[in-house]
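Subject: Structure for you to look at

Hello,

Here is the structure I promised to pass on. Please open it next to this message; my notes follow below.

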Amino acid sequence: MGIFGIIASAIRQVGSWIKNKVRNIYQKIRTFFINVIAWMDTSYKVIESSINAVIDFSQTFLQVIDGVLTKFSYNFVISEDNQWDRYKAASSKQITINEVPEEFRKRASQLSENEILEISDNVNNEMRLVL
């Protein structure tokens with residue numbers, strides 16, 4: 001085997017090594033994305049079923065807190081002993097009077113400090129449109 005045979009053999013070995021490494025990297029990337037997609041499918045189903053199972057009913061309110069109009073909600077869940085449990089939503093949102101549905105604006109603008117106005121019907125209708 002001459003010098004050209006040695007060079008050809010070395011090129012074949014390097015080419016074979018590169019080809020195997022590229023295949024290995026491809027398989028790892030492919031497996032990664034297959035796992036990501038499977039995780040997303042599973043997560044979506046878990047989140048969807050959790051939301052549907054956790055909150056059975058919700059009421060939404062407006063309240064003036066420290067001079068700022070605030071929207072918050074109570075979520076109701078049926079417990080294992082068939083009792084309604086009420087939980088205040090984890091977050092509330094400060095809003096402007098322009099964000100209040102038209103039918104509640106006049107009443108909302110007249111709220112005194114810590115007075116509460118329920119707007120559940122309007123919010124539930126908006127949620128039905130979104131869903």
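**Surface and fold**

The accessible surface of the chain is about 10500 Å², and carbon and sulfur atoms account for 58% of that. Please keep in mind that this is a predicted model. Of the chain's 131 residues, 22% count as buried.

The chain has 3 helices and 5 strands. Along the sequence they run α-β-β-β-β-α-β-α. I also looked at contacts between residues at least 6 apart in sequence: 41% of them join residues at least 24 apart.

**Aromatic pairs**

Searching the whole structure gives 4 aromatic pairs. One of them is F32 with F33, which is edge-to-face. Their centres are 5.1 Å apart, with 80° between the planes. F32 has 49% relative accessibility, so F32 counts as partly exposed. F33 is partly exposed too, at 45% relative accessible area.

F61 and F72 are also a pair. The ring centres of F61 and F72 lie 5.5 Å apart. Their planes meet at 25°, which is under the 30 degrees cut-off, so this pair is stacked. F61 sits in strand β1 (residues 57-65), while F72 sits in strand β2 (residues 68-78). The pair therefore ties together parts that are 11 residues apart in sequence.

Are F61 and F72 buried or exposed? Both F61 and F72 are buried. Together with Y74, F61 and F72 form one aromatic cluster.

Best wishes

Definitions and conventions:
Residues numbered from 1 in each chain as written. Predicted model: local features only at pLDDT ≥ 70, side-chain atom pairs only at ≥ 80, totals over all residues. Heavy atoms only, no water. Phe/Tyr/Trp six-rings, centres within 6.5 Å; stacked < 30°, edge-to-face > 60°. Buried < 20%, exposed > 50% of the residue type's maximum accessible area, 1.4 Å probe, protein only. Helix = DSSP H or I, 4+ residues; strand = E, 2+ residues; numbered from the N terminus. Contact = heavy atoms within 4.5 Å. Areas by Shrake-Rupley, 256 points an atom, 1.4 Å probe, with all protein chains shown as cover.
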